[in-house]
Amino acid sequence: MRIGIAYDLVREEERLLVEAAKRRGHEVKPVFVPKTLARIDGDTPDHLRNLDFVLERCVSFYRALASSAVLEGWGLRVVNPHQVIRDCGDKLVTSIRLRSHGVPIPRTVIAFTREGAVEAARELGYPVVVKPIYGSWGRLMARALSEDDLLDVIEFRESMPVSYFKVHYIQEFVQKPGRDIRSFYVWGEVPVAIYRYSNRWKTNTALGGRAEPTELTEELVEVTVKAGDAMGGGVLGIDLVESPEGELYVIEVNAVVEFRNTVRVTGYDLAGHIIERTAEEMRR
Amino acid sequence: MPTLSCPVCEVGVEVPDDALEGELFECNACGAHLEFYLESGKPRLKLAEEVSEDWGE
């Protein structure tokens, strides 16, 4: 097959995907998005015309969203499609979508004012986590242990020059056991998952969290598949936390997955699996 | 394997033949993070883009 890879930065993941595709006899066409002129009222550019599908790999959320939409507009099949990238990039939409499909999520309240945020936190009980509805790598997420903390956080948020910080996404803090779980959803299957350990309450490996292999339990597979189906993937990274009672909650779904730490600690050829399964799906 | 000039300290940086535009390299002399790109088809290095608030998962 002819596979396009839309990217803006070559990370370990992009290298692994290119190598995996070539090893399986596919032709790879790198699409360097920052240099692309996307004429949305024009025809599909000749060099992209015969691609069987494109893997969207931009590290920038807005470039990923824009380039996937443009490529789809040209009639190309993109994994993941821009609707999936858009919905996963918005924590509020993600939570609503997951909840409406019966996926367990922590209790979450949206407030639009300082007073509303205080009321929401009282309802949830401290500690609470306040998250930007758009954001990545755990940036600008804050944990409030008390009403004083929350008021400080809200004051910072209200002074931000970006309006979406005035939509307060407030979530119960799940007392997780020093780790969370990153599980991978690939076309309805769950090939691999890892624990991410950290002494901090944020366990993102981008913030120094330590990855370790984990077992694919029946419950983990079931919740991951349900979450991936709810978001309409494709190829997704599902982030989950375990409650003290052992229940799993989905806290986030990622549409442009990072997996180098998973490959490093499990030895699993996730890039190869993504290429093989996506090619199979595209042949249908 | 071409050797390209670091835009910061002008010391040569080796870049593999199969480098892709957007690929990152580090200058061993000054430590600058550099991005490989093509300017009118000619290989070049420039300072890599800073991490933006919308980068990552």
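# Reading a two-chain predicted model

Student: Which strands does helix 6 of chain A lie across?

Tutor: This is a predicted model, in which local features need pLDDT of at least 70 and side-chain atom pairs count only at pLDDT 80 or more, while totals for chains, interfaces and linings use all residues. Residues are numbered from 1 along each chain as its sequence is written, chains are lettered from A and ligands numbered from 1 in the order in which they are written, and side-chain values use heavy atoms, with hydrogens and water left out. Helices (H or I, at least four residues) and strands (E, at least two) are DSSP runs, numbered from the N terminus. Axes are lines fitted to C-alpha atoms, for helices over the stretch in contact (heavy atoms within 4.5 Å), and angles run from 0 to 180 degrees between N-to-C directions. Here, helix 6 (residues 147-158) of chain A lies across strand 6 (128-131), strand 7 and strand 8 of chain A, and runs at about 5° to strand 6 of chain A.

Student: What is the order of the strands in the open sheet of four strands in chain A?

Tutor: Two strands pair if DSSP finds at least two bridges between them. The order in this sheet of chain A is 5-8-6-7, with antiparallel pairing. Strand 5 (108-111) and strand 7 (142-144) of chain A are at the edges with a single partner strand each, so one side of each has no neighbour in the sheet. Neighbouring strands are turned by 30° against each other on average, direction ignored.

Student: How many bridges join strand 5 of chain A to strand 8 of chain A?

Tutor: Four bridges join them, and the two strands run antiparallel. Within strand 8 of chain A, Tyr169(A) is the bridge partner of Ile110(A).

Student: Which residues have the most contacts inside the largest nonpolar core?

Tutor: A nonpolar core is a set of buried Ala, Val, Leu, Ile, Met, Phe, Trp, Tyr and Cys residues joined through side-chain atoms within 4.5 Å. Buried means under 20% relative accessible area, exposed over 50%, and partly exposed in between (1.4 Å probe, protein chains only). The largest core here has 39 residues, and those with the most contacts inside it include Leu71(A), Leu98(A) and Val253(A). Among the elements that give two or more residues to this core are helix 7 (218-231) and strand 12 (235-242) of chain A. A second, separate core has 23 residues, including Ile5(A) and Phe53(A).

Student: What span should helix 7 of chain A have?

Tutor: The expected span is 1.5 Å times one less than the number of residues. For the 14 residues of helix 7 of chain A this should be 20 Å, and its end C-alpha atoms are 20 Å apart, which agrees. Its buried residues include Leu220(A), Val223(A) and Met231(A). Just after this helix, Gly232(A) has a positive phi of about 85°.

Student: Which backbone values stand out?

Tutor: Most residues other than glycine have a negative phi, and most peptide bonds are trans. In this model, a cis peptide bond joins Tyr126(A) and Pro127(A), with omega about 0°. Trp187(A) is not a glycine, yet has a positive phi of about 50°. Glu10(B) has a phi near 70° and is exposed, with a relative accessible area of 65%.

Student: How many residues of chain B are in contact with chain A?

Tutor: 18 residues of chain B are in contact with 23 residues of chain A. Buried area is the accessible area (1.4 Å probe) that two parts lose on being put together, summed over both. The two chains bury about 1,800 Å² between them, 47% of it on carbon and sulfur atoms.
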